[in-house]
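Q: I'd like a close look at one part of this model, the place where two chains meet. Could you walk me through it in one connected answer?

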Amino acid sequence: MNLSSLVIPVLLSAVAVYGLGKRVDVYGALTHGAEEGLTVLLRIVPALVGLLTAVSMFRASGAMEWLSALFAPALGLLGIPPETAPLMLVRPVSGNGALAVASDLMASHGPDSYVGRVAAVMLGSTETTFYTIAVYFGSAGIHKTRHTVPAALAADLTGFAAAALAVRLFFGGG
Amino acid sequence: MEMAWVWTGMVTLSLVFGLLSGNLDAVANAALEGARSAIELSLSMAGILCLWSGVMEIMNACGLSAGLARLFRPLLRRLLPNACRDEETLAAVSANVSANLLGLGNAATPLGIRAARRMARGCGGVASNELCLLVVLNTASIQLLPATIASVRAAAGCAAPFDILPAVWLASALSVTAGLLAAWLLSHGRAER
C-alpha cells in the first residue's frame with residue numbers, strides 16, 4: 001500500500017466525522033459546496049480552451065525542439081543540463097506533457113543519473129504555471145494580470161536552476 | 001494582458017514553424033485537438049472540483065476551516081494583509097496552502113480559486129497585488145511529498161524514489177522565495193491602477 005493513498009480517504013472521513021460530531025448536516029453542506037464547484041467550472045472552461053489550443057499547436061509545430069536547441073548553450077552557463085531543455089519548456093504549460101518528457105528523460109538516462117534526478121527535482125519544485133494563471137484569473141474574472149506572469153516565470157526559472165544546484169549538492173555529479 | 005501576448009506569440013510561432021517544417025497539417029489538427037482536450041480535461045476535473053468545494057463547505061460549517069485559518073494567520077497576515085481581514089478568504093487561502101503542502105494539487109486548485117474569487121470582488125477585472133501574490137504562490141510548487149514524481153521514478157526502475165526529497169525541498173524553497181520576491185519588487189515598481 002502506498003502511504004499517499006491514505007491521505008485522501010483519511011481526510012474525507014475525518015472531516016465528515018468531525019462535522020457530524022458538531023451536529024452539522026455534512027451531506028447537505030457537501031452537495032451545496034459541490035453546486036458551487038460547478039459554477040466555478042463554467043468559468044474555467046473558456047480559459048482552458050484558449051490555453052490548450054495554443055499549447056497543442058505549439059507542440060505539434062516543432063517550435064519546441066527548435067527553442068530547446070536555441071536555449072541549450074545558455075543553460076550550460078546556468079549549470080542546468082541541456083538535456084532538460086524540453087522539460088523546462090513544457091513544464092509551465094502542460095502538467096501531463098512535463099510528466100511524459102520527464103519519464104522519457106529518466107528512461108533514457110536512468111532515474112538515478114544526474115539528468116534523471118534533475119528532471120525529477122524540476123518536476124517537484126515547479127508547477128504548471130500558465131495553466132494555474134489561466135484557471136485562477138479565468139474563474140475570478142480578471143483581465144489585467146499585471147506582474148503575475150513575469151513573477152511566476154522568475155519562480156520557475158529559479159526552480160529549474162535550483163533543481164540542478166540541489167542535485168549537485170546532495171548527490172554530486174553533473 | 002500578458003496572457004494575450006503569450007497566446008498570440010504561441011499561436012503565431014506555431015504557424016511560422018508549421019510552415020517552415022512542413023508540419024502545418026499537424027498544427028491545424030492540433031488546434032482542434034487542443035480545444036477538444038480542454039473540454040475533456042474540464043470534464044475530468046469537474047468531479048474533483050465539486051468534491052473539494054463540498055469538503056470546504058463542510059469544513060466551513062463545522063469550524064474546521066476557522067481552526068486552519070488560525071494556524072496560518074501569523075504567516076499569511078504578513079503575505080496577504082488585506083485578504084486576511086476577511087475571515088472566509090483567509091480560511092480558503094489556509095485550506096489552499098494546506099492542500100498544496102499535502103501534495104493534493106487537485107484539491108488545492110478549487111480552494112485557491114475560492115479565495116481568488118473573493119479577493120477579486122469589486123476590483124473591476126484588475127488583479128490586486130495580493131491576488132497576484134496568491135497566484136504566484138500557487139504557480140510555485142510548495143508540496144512536501146511529491147508522490148506523483150516518486151511514482152514516475154519508481155516506474156523507471158528507481159530503488160529509492162524518495163531520495164530526492166531534500167533536493168526538492170531546497171529547490172522549492174528557492175523558487176517560492178524568488179517568486180514572492182519578484183512579485184513584491186514588481187508590485188512596487190508599477191503603481192496599482
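How many residues of chain B are in contact with chain A, and with how many residues of chain A?

A: Happy to take you through it, with the reminder that this is a predicted model. In chain B, 86 residues are in contact with chain A, and the chain A residues they meet also number 86.

Let's stay on the chain B side. The elements that each supply two or more residues to the side touching chain A are α1 (2–21), α2 (24–61), α5 (105–119), α6 (129–139), α7 (147–155) and α8 (165–189) of chain B. Of these, α2(B) provides the largest share, with 24 residues. Sorted by class, this side of chain B holds 58 nonpolar residues, 22 polar ones and six charged ones.

Chain A is more spread out than a compact globule, because its radius of gyration is 20 Å, well over the 16 Å that the globule rule gives for 174 residues. Along the principal axes, the C-alpha atoms of chain A fill a box of roughly 60 × 40 × 30 Å.

What about the inside of chain A? Of its 174 residues, 53% count as buried. Among the contacts in chain A with a separation of 6 or more, 61% come from residues 24 or more positions apart.

How values were computed. Residues numbered from 1 in each chain as written. Chains lettered and ligands numbered in written order. Predicted model: local features only at pLDDT ≥ 70, side-chain atom pairs only at ≥ 80, totals over all residues. Contact = placed C-beta atoms within 7 Å. Helix = DSSP H or I, 4+ residues; strand = E, 2+ residues; numbered from the N terminus. Nonpolar A, V, L, I, M, F, W, Y, C, P; charged D, E, K, R; others polar. Rg over C-alpha atoms; globule rule 2.2 N^0.38 Å. Buried ≥ 20, exposed ≤ 12 C-beta atoms within 10 Å, placed from the backbone.
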